[in-house]
Amino acid sequence: MTDWYFENFMRDFEEETSTVDGDNERGEVIAKESQDFILNLLDLRASTLRSKFRKSALYQKGSVVSGTWRSGERRIYVNSTLYDDTPGTAFLLLKNFLVNRNRDDLNTSANIIKACVSAAGYYRDITFVRGTAGVCALGAVVSKYQGNTQMIEQYLTRFKENEVKEYRRDGILHGRAGHLWACLFLNKHLGDGVIPSSYTIKTEWISE
């Protein structure tokens, strides 16, 4: 059994330096030495690897936004959700803003949410990823980072219109656990107490 092993192709550990030019040159040399993409990535210095991941993430974000919002035909469906529609793009832009602090991403996210809320029909689902409650929660958080207190109140008011007590399911996609997710999302970004514990306790499911 001791003869069974996998040969280690990785290079010995090298202390990372702060020379960006040196990292780029080393990355180019590695790419020519081997055709194995995974080994190339693992063998790169941390700074070079971070740069590659960052460029790839920004490209993917741009592709999603172009395909769902900046295209010639913007499709905003009735009762769009974060799970499978345009509000998911707004959520992606918010996450990107929290990393890069790009105000353009934040403003685009706000525009998407405003359009989706305006298109919301009679259906009111309470969950974060599959309901209008999630879109309203996302709108309140985006408005907070924009400094728009008026829109925060509007989104929170609409969020609380959802009747949690009418739901008997406890699932995260279509039940009360999904609504708790939305409440925690709001409290995380807007501050504890924005959605008080009494609001969730009144659903009579936490103590069950």
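This is a predicted model: local features need pLDDT of at least 70, side-chain atom pairs count only at pLDDT 80 or more; totals for chains, interfaces and linings use all residues.
Good morning. The crossing of helices α6 and α7 is left-handed. The residues that make this contact are, on the α6 side, Ala133, Cys136, Ala137, Gly139, Ala140, Ser143 and Lys144. On the α7 side they are Met151, Ile152, Tyr155, Leu156, Arg158 and Phe159. By class, the contact of α6 with α7 comprises nine nonpolar residues, two polar and two charged.

Two packed helices are described by the angle between their axes and the distance between the axes. Here, the axes of α6 and α7, the latter spanning residues 149-159, come within 8 Å and cross at roughly 165°. Because angles over 145 degrees count as roughly antiparallel, α6 is roughly antiparallel to α7.

Let me turn to one residue of α6. Val141 lies in this helix, which covers residues 132-146. Is Val141 buried or exposed? Its relative accessible area is 0%, so Val141 is buried. Which residues does Val141 contact, leaving aside neighbours within four places in sequence? They are Leu94, Phe185, Leu186, His189 and Leu190. As for Leu156, its C-alpha is 9.7 Å from that of Val141, with 15 residues separating the two in sequence.

Finally, the chain as a whole. There are nine helices and zero strands. Of the 208 residues in the chain, 38% are buried. Among contacts between residues at least 6 apart in sequence, 63% join residues at least 24 apart. The accessible surface comes to about 13,200 Å², and carbon and sulfur atoms account for 53% of that surface.

Thank you.

Methods
Residues are numbered from 1 along each chain as its sequence is written. Side-chain values use heavy atoms; hydrogens and water are left out. Helices (H or I, at least four residues) and strands (E, at least two) are DSSP runs, numbered from the N terminus. Buried means under 20% relative accessible area, exposed over 50%, partly exposed in between (1.4 Å probe, protein chains only). Contact means heavy atoms within 4.5 Å. Axes are lines fitted to C-alpha atoms, for helices over the stretch in contact, and angles run from 0 to 180 degrees between N-to-C directions. Angles under 35 degrees count as roughly parallel, over 145 as roughly antiparallel, 65 to 115 as roughly perpendicular and the rest as oblique. A crossing is left-handed if the near helix is turned anticlockwise from the far one by less than a right angle, and right-handed if clockwise. Ala, Val, Leu, Ile, Met, Phe, Trp, Tyr, Cys and Pro count as nonpolar, Asp, Glu, Lys and Arg as charged, and the others, Gly among them, as polar. Accessible areas come from the Shrake-Rupley method with a 1.4 Å probe; for residues, only the protein chains shown count as cover.
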